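Have a look at the model first, then read the points in order.

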Amino acid sequence: MKIRGRAIIYGDNIDTDIIIPGRYLVLQDPEELAKHAMEGIDPSFPEKARMGAIIVAGKNFGCGSSREEAPVALKHANTKCVIAESFARIFYRNAINIGLPIIEASIRNSVEEGDELVVDVISGMIVNETKGITLKGNPLPSLAIEIISAGGLTRYIRKKLGLE
Amino acid sequence: MNIVEKILARASGEKEVAPGQIVDAEVDVAMIHDLTGPRAIDSFREIGVKRVWDPERIVVVFDHDVPPSTIKAAGLQKKVREFVREQGIKHFYDIGRGGVCHVVMLEKGHVRPGDLVVGADSHTVTYGALGAFATGVGATDMAAVMATGKIWLRVPEALKFEIRGRLRKYVVAKDLILHIIGMIGAEGANYKAMIFSGEAVGEIGIDGRATMCNMSVEAGAKAGIVEPDEKTIRFVRERAKGDFTAVKSDPDAHFSKVFEVNASELEPQVAIPPSVDNVKPASEVGDIEIDQAFLGTCTNGRLDDLRIASEILKGKKVKEGVRFVVVPGSQEVYQRALEEGLIEIFLRAGAAVCAPGCGPCIGISRGVLADGEVCVSAANRNFIGRMGSPKAKVYLASPAVVAASAITGKITDPREVAGK
Ligand code: SF4
């Protein structure tokens with residue numbers, strides 16, 4: 001599963017209130033949520049991500065609340081993948097469950113904002129096409145790949161229960 | 001095995017489990033609230049199962065925006081109410097009946113030692129105060145639980161915190177957990193469980209233990225747990241139905257790391273915005289003037305919290321120009337605080353006492369902050385924009401520090417004002 005996008009770079013501890021502030025949680029529509037993605041630190045994010053973004057961040061991405069609206073907002077703002085040095089655990093599960101690919105990798109020193117990246121979610125290999133270098137991330141666990149390939153957890157469970 | 005491994009082994013029908021192993025576990029209780037409920041219900045419908053796995057094991061609590069402040073919020077609550085009715089969900093705490101979900105879950109006896117509990121809220125970890133393994137999940141994970149009663153979990157490594165000595169007066173559980181988070185950092189327990197034990201923890205009541213477990217997620221933890229003792233058993237017997245088996249770590253249990261903390265030297269602590277792990281003693285934060293002081297939430301909205309705050313506030317006034325917002329954690333807390341005369345102390349001091357719920361904690365309603373404002377809060381998060389404006393600042397501290405600061409108008413060590 002190969003994914004392509006332009007790098008947008010953030011730091012450590014990008015929390016869920018930054019990704020989507022609490023006051024927007026009543027907006028259940030994913031497209032509406034997407035308009036406010038990353039508003040806490042970067043209101044220009046939805047515009048920057050329009051052509052397809054790969055977020056490259058530091059430690060503990062997605063820490064804080066259990067709000068699934070966080071990965072939903074990123075996904076619908078056209079984030080193709082999030083690469084971070086580490087993820088907070090609820091965000092990690094939520095991203096997989098809603099079908100947003102995420103990769104653990106420490107690549108901030110090898111990527112600049114706007115670089116064209118191609119990510120192989122299954123092997124964890126990341127190619128920085130702009131710089132012509134290949135970087136290595138941790139591949140997703142097999143259960144996560146199964147869930148993402150099924151199109152998210154609800155579809156995965158439907159299959160398991162024989163509903164589709 | 002340690003307590004975490006024992007609970008997860010029992011829940012997944014395995015004889016033994018070890019960290020790193022993925023288990024398919026049966027959930028004892030699941031919780032949703034007004035904010036995460038609607039999305040969980042949508043995902044549940046998407047799965048396409050007609051009935052929830054067990055209407056007696058799902059608890060629904062309205063707390064995040066109560067009574068609702070917008071038409072949208074009212075509409076979402078209506079939708080959850082209809083789901084409750086349709087599915088015959090037995091335990092539903094509507095507005096005026098419950099309070100903050102994590103306060104209600106403990107006081108109404110929905111959690112028992114040894115249980116595996118999941119909640120569609122990150123602070124579900126609070127229930128570890130009663131020796132349960134409780135963790136937060138997102139809406140879709142919750143939908144899968146509502147449909148199947150099961151969840152996959154990776155057995156976490158456990159960090160043990162051996163807390164020696166006794167806390168001094170006006171130094172409380174909140175100070176301990178802030179200190180611990182400052183020590184290990186905001187991702188110091190990521191994917192792991194934090195187990196609190198030692199003399200100080202034995203001394204701390206269930207309310208304080210709830211505060212500690214509540215904030216374990218602020219260090220990234222999957223669960224925070226206090227091993228059950230007589231206090232736990234007494235608390236649960238008074239509230240929960242049915243039998244339970246309180247499990248504890250074996251004497252030879254393995255922990256991936258053991259930390260020692262000395263409680264007797266600890267001072268009141270403050271977490272400096274915008275990170276929860278930038279923690280200093282209250283006496284060292286300098287002159288920080290505040291616009292608002294906030295007492296409440298799933299971290300510090302319980303009776304012991306209101307008691308210590310009112311003890312400091314008694315006979316004093318909230319400083320001119322400062323707003324003191326007090327939100328009792330639940331109807332029960334509110335009722336008992338009334339009976340004990342605590343609410344009167346708050347009112348006489350000039351505090352705004354609001355109906356139980358999350359209050360301004362999540363920046364949705366009642367007490368949000370304007371650009372440039374400063375709040376000292378008894379809650380658990382000081383993230384940018386958490387309580388309203390991204391240009392506001394939130395300092396986290398104990399109920400004692402919050403009350404003392406409301407009196408002086410700047411962040412204050414409670415020992416400076418108490419009894420004076
Ligand atoms: S009080 Fe605050 S932290 Fe606790 S459940 Fe409510 S919003 Fe979340």
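1. From which domains of chain B does the lining of the largest pocket draw at least three residues each? Keep in mind that we are looking at a predicted model. The pocket takes residues from both domain 1 (3-261) and domain 2 (271-416) of chain B, at least three from each.

2. Staying with that pocket, its space comes to about 500 Å³. There are 23 lining residues, and Leu167(B), Val171(B), Val172(B), Ala173(B) and Ile308(B) are the closest to the centre. Four helices of chain B give two or more residues to this lining: α6 (173-184), α7 (199-203), α8 (206-214) and α11 (303-313). The largest share belongs to α11(B), with five residues. Sorted by class, the lining has 10 charged, nine nonpolar and four polar residues.

3. Rolling a probe the size of a water molecule over the atoms shows where empty space is left. Here the count is two cavities of 30 Å³ or more. The largest cavity has a volume of about 250 Å³, and 24 residues line it. Nearest its centre you will find His33(B), His64(B), Asp121(B), Ile362(B) and Arg386(B). Two helices of chain B, α4 (101-107) and α10 (297-300), each supply at least two residues of the lining. By class, the lining residues are 10 polar, eight nonpolar and six charged.

4. Around the ligand are His64(B), His102(B), Asp121(B), His123(B), Thr297(B), Cys298(B), Cys358(B), Cys361(B), Ile362(B), Asn380(B) and Arg386(B). That shell is made up of five polar, four nonpolar and two charged residues. Domain 1 (3-261) and domain 2 (271-416) of chain B each provide at least three residues of the shell.

5. Besides being one of the residues around the ligand, Arg386(B) meets Asp17(A) in a salt bridge between side chains, at 3.1 Å from N to O. Asp17(A) is in helix α1 (residues 16-19) of chain A and Arg386(B) in the loop between β17 (374-377) and β18 (393-397) of chain B, so the pair joins two chains. Over all chains, the whole structure has 45 salt bridges.

6. Last, some backbone details to check. Most residues other than glycine have a negative phi, and most peptide bonds are trans. The bond from Val66(B) to Pro67(B) is cis, with omega near -25°, and Pro67(B) lies in the loop between β3 (58-61) and α3 (71-87) of chain B. Another cis bond runs from Pro273(B) to Pro274(B), with omega near 0°; Pro274(B) is in the loop between β12 (269-271) and β13 (279-281) of chain B. In chain A, Asn78(A) has a positive phi, near 80°, and is found in the loop between α4 (69-76) and β3 (79-84).

Definitions and conventions. Residues numbered from 1 in each chain as written. Chains lettered and ligands numbered in written order. Predicted model: local features only at pLDDT ≥ 70, side-chain atom pairs only at ≥ 80, totals over all residues. Heavy atoms only, no water. Near = heavy atom within 4 Å. Nonpolar A, V, L, I, M, F, W, Y, C, P; charged D, E, K, R; others polar. Domains from an automatic or database assignment. 1 Å grid on protein atoms, 1.4 Å probe; cavity = no way out; pocket = protein on both sides within 12 Å on 5 of 7 lines; lining within 4 Å. Points joined across faces, edges and corners; volume = space filled by probe spheres on them. Salt bridge = Lys/Arg side-chain N within 4 Å of Asp/Glu carboxyl O.
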